[in-house]
Amino acid sequence: MSRIVVDIQNLGKVYPPQVGQPAKVALEGATLQVSEGETFGLLGPNGAGKTTLQKILLGLIRPTSGTALVLGSTPDDTKTRARIGYLPENPYFYTYLTGKEFLEFCGGLFGLGGKELQERVAKNLERVGMSHAANTQLRKYSKGMLQRVGVAQALVNDPEIVFLDEPMSGLDPVGRHQLRELILDLKREGKTIFFNTHILSDVELLCDRVGILAQGKLVGAGRIQDVAGTGSLEEAFIRLVGGAHA
């Protein structure tokens, strides 16, 4: 039986009221599990709570209620974080570093150095098709190039589980194809992948299971064929999300 590497139980998050605005319920009673080696896609329209859920799993924000465990530990455990890779939806880059220097900097945060770091940097730049721009400053990269080097930094520590928030954002069709192939390679290596997206075609090609969020509630979860039933995933998505919005 596969080990559970993400375990979410009755997870809730309420953001406090802002000036002129009421409190916002971002997550409400979400429960799901992801097994080792699984590729899990979290679907939902903008504002559904996908990024909030992922940030809780990464220890970037704290839940209001419920529990979240990653690799058997709470997300604020430093040793656990060292086993995780992460690409945020809107990453920040030190734009006067080259792609190579940026990955060296990221690897150094994990205590990597010497020959091992250089080998990992070169390997991951090649994996995302960015070897040709290794010595180019990031300020000269296109949005798609930045997205690719962002994926490379998420892999530099050879993580057991990789969190990707809208990883296809900014990529042209060739870049999207290359990233899909990379995710499949990671899957074959036994990595666990948890990614947020609203691109259903990518989910159908890549994922073992999916979850669908709508207005902070997990309205569907399971294998794609079980969630879709006799129809398509798109039909199931519209039905479940539409029901939550009604």
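I call a residue buried under 20% relative accessible area, exposed over 50% and partly exposed in between, with a 1.4 Å probe and protein chains only. The model is predicted: I need pLDDT of at least 70 for local features and 80 or more for side-chain atom pairs, while totals for chains, interfaces and linings use all residues. Residues are numbered from 1 along each chain as its sequence is written, and side-chain values use heavy atoms, without hydrogens and water.

**Glycine 12.** I looked up its cover. Glycine 12 has 4% relative accessibility, so it counts as buried. I placed it in strand E1, residues 4-15. Strands (E, at least two residues) and helices (H or I, at least four) are DSSP runs, numbered from the N terminus. I then listed contacts, meaning heavy atoms within 4.5 Å. Leaving out residues up to four places away in sequence, glycine 12 touches Leu27, Glu28, Gly29, Pro63, Thr64 and Ser65.

**Helix H3.** Which residues of H3 are buried? I found Gly99, Phe102, Leu103, Glu104, Cys106 and Gly107. The buried residues of H3 pack against helix H4 (114-127) and helix H5 (143-155). Just after H3, I noted a positive phi of about 80 degrees at glycine 111.

**Tyrosine 94.** I found tyrosine 94 in the loop between strand E5 (84-87) and helix H3 (99-109). Tyrosine 94 counts as partly exposed because its relative accessibility is 43%.
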